[in-house]
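Here are my notes for anyone opening this one for the first time. Have a look at the structure, then walk through the points in order.

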Number of protein chains: 2
Amino acid sequence: MESNETVDRADAEASAEVVDVVPAPVPAATVDRLPSYLRALHQLVAAGVERTSSVELAELSGVGSAQLRKDLSFLGSFGTRGVGYDVGSLTDSITRRLGLETEHKVAIVGIGSLGQALANYRGYASRGFQLVALFDTAADVVGTTAGGLVVEHADDLAAVRERTGFTMVLLATPAPGAQEAVDRVVAAGVRSVLSFAPIALQVPEEVDVRAVDVGSELQILAFHSQARELRP
Amino acid sequence: MESNETVDRADAEASAEVVDVVPAPVPAATVDRLPSYLRALHQLVAAGVERTSSVELAELSGVGSAQLRKDLSFLGSFGTRGVGYDVGSLTDSITRRLGLETEHKVAIVGIGSLGQALANYRGYASRGFQLVALFDTAADVVGTTAGGLVVEHADDLAAVRERTGFTMVLLATPAPGAQEAVDRVVAAGVRSVLSFAPIALQVPEEVDVRAVDVGSELQILAFHSQARELRP
DNA sequence: CAGTGTGAATCGGTTCACAGCA
DNA sequence: TGCTGTGAACCGATTCACACTG
């Protein structure tokens, strides 16, 4: 195992009182892949498979098997040498480590066509999330319904957050207005934001913003397709 | 400049005939950031700014200034020491390097609520893309209109590709069916795919797949928010 | 002298290859 | 014997710090 962290952990466990052990640090690149592993495991569960190997699970996740084993080793030791991994217990371990035992409540800000599509998405629950509120600023959108929820005015962000307890926001506003929207979201106390707006958002450092930009993704694909033509 | 590449490039340019010079290799991590730089530059253009610095541009892009200068150095030398960068010509250089001088034609496969939202998105042209076709397999979706285009049957992928010449696909089908859909897309000759389906797709190695998964992004945010609570 | 461009140092992540264990 | 878990080697990416130049 690790060299210096092991000592701390052993100490913590030795001193009987401690309930929640301080977890060993997990590299960011590993965290980014854990969801793929979970998805692959869910596929196996759905297929009725109870035991798997690093090779099979890696293939289903789209990574190399050494990568997968190394990643899992940061979380602990879950497999049986010479045998493989138990699908159910590995699923539980990763779920727990990602912090998905309890559902996280999510709101969507910006109910244009993308926001509506996100509101209608039925897959939140199976991934550990619950959609609890929708916001917009346009008078003709506030009060309408999407995904079974009534759209509230963004002015009421803080109040609605109080009532519903969401801790994450999907930001689906157009680029102009996105910065103002995220400012309100942050002011309301949210510290996890997934932005679909094609601009870099300025936020205080304690706020975690991840960004998805279809245009950027296409441009990256364009670059690679061009590179492919030059050296086939 | 570079040590060994410089020689090749100088040679190529010296031998008058050569029109398209073989470009120096650009690190993948750099390519991933070029779209952000382009977005930031467009913001500056919109604001009427004609000259910028690595510090300003980096801030607008959400990266460090050393990172930005290093990234640009892989593409060539664009700035003026002691002065900064010309917004217009830097925009042109990056646009050209990404291969965005000519518009890339794009199709969407899977016209559910997400596919519709993507079809209604008005930002393709400004990023270098043109939406030319929509596909689905459901009888009650084929023939309907979205974003000014009529939805065609996925059986006609190859034929419609012939006619419209799209080279990229946005895959917006539900998870079951995504693999079959991408198989058809690949069979039709498309080699660049942006997938929104929450599964790892199996494709031949000459096909470039990028994946966007909202569920995974939320799970990663969940992990970090939990880590934040433990060490604030 | 301000700000780019870039070697050199550093850091983190991936891959390899095998020791260790059921 | 088969497959996990993991040190060690490798590789790429980031950061630093400064020489260079308009």
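1. Let's begin with the salt bridges: counted over all chains, there are 18. Keep in mind that this is a predicted model, so every value here is computed from predicted atoms. One pair to look up is B:Arg127 with A:Asp213, whose side chains meet in a salt bridge at 2.9 Å, N to O. B:Arg127 sits in helix H7 (residues 124–127) of chain B, while A:Asp213 is in the loop between strand E9 (208–211) and H10 of chain A, so this pair joins two chains.

2. How many salt bridges are there between chain A and chain B? The count is six. A:Asp213 turns up here again: B:Arg39 forms a salt bridge with A:Asp213, and the closest N and O atoms of that pair are 2.8 Å apart.

3. With both residues at pLDDT 80 or more, 20 residue pairs are in polar contact between chain A and chain B. By class, the residues of chain A that touch chain B come out as 31 nonpolar, 15 polar and 14 charged.

4. Now for the size of the interface. Chain A and chain B each put 60 residues into the contact. Between them they bury about 5,400 Å², and 64% of that is on carbon and sulfur atoms. Which residues of chain A lose the most area to chain B? They are A:Leu218, A:Gln219 and A:Leu221, which together make up 13% of what that side buries.

5. From H6(A), A:Ser113, A:Leu114, A:Ala117 and A:Asn120 meet B:Ser113, B:Leu114, B:Ala117 and B:Asn120 of H6(B). This contact has four nonpolar and four polar residues, with no charged ones.

6. A:Arg96, A:Arg97 and A:Leu98 make the contact from H5(A), and B:Gln219, B:Ala222, B:Phe223 and B:Gln226 make it from H10(B). Sorted by class, that is three nonpolar, two polar and two charged residues.

7. Finally, a pair inside chain B. How do helix H2 (residues 28–46) and helix H4 (residues 65–75) of chain B cross, and at what angle? Their axes come within 10 Å and cross at roughly 105°, so H2(B) is roughly perpendicular to H4(B). On H2(B) the contact involves B:Thr30, B:Arg33, B:Leu34 and B:Tyr37, and on H4(B) it involves B:Gln67, B:Leu68, B:Asp71, B:Phe74 and B:Leu75. The residues of this contact divide into five nonpolar, two polar and two charged.

How values were computed: Residues numbered from 1 in each chain as written. Chains lettered and ligands numbered in written order. Predicted model: local features only at pLDDT ≥ 70, side-chain atom pairs only at ≥ 80, totals over all residues. Heavy atoms only, no water. Contact = heavy atoms within 4.5 Å. Buried area = accessible area lost by both parts, 1.4 Å probe. Salt bridge = Lys/Arg side-chain N within 4 Å of Asp/Glu carboxyl O. Polar contact = N/O pair within 3.5 Å; in protein donor to acceptor, adjacent residues only side chain to side chain. Nonpolar A, V, L, I, M, F, W, Y, C, P; charged D, E, K, R; others polar. Axes fitted to C-alpha atoms, helices over the stretch in contact; angles between N-to-C directions. Helix = DSSP H or I, 4+ residues; strand = E, 2+ residues; numbered from the N terminus. Parallel < 35°, antiparallel > 145°, perpendicular 65-115°, else oblique.
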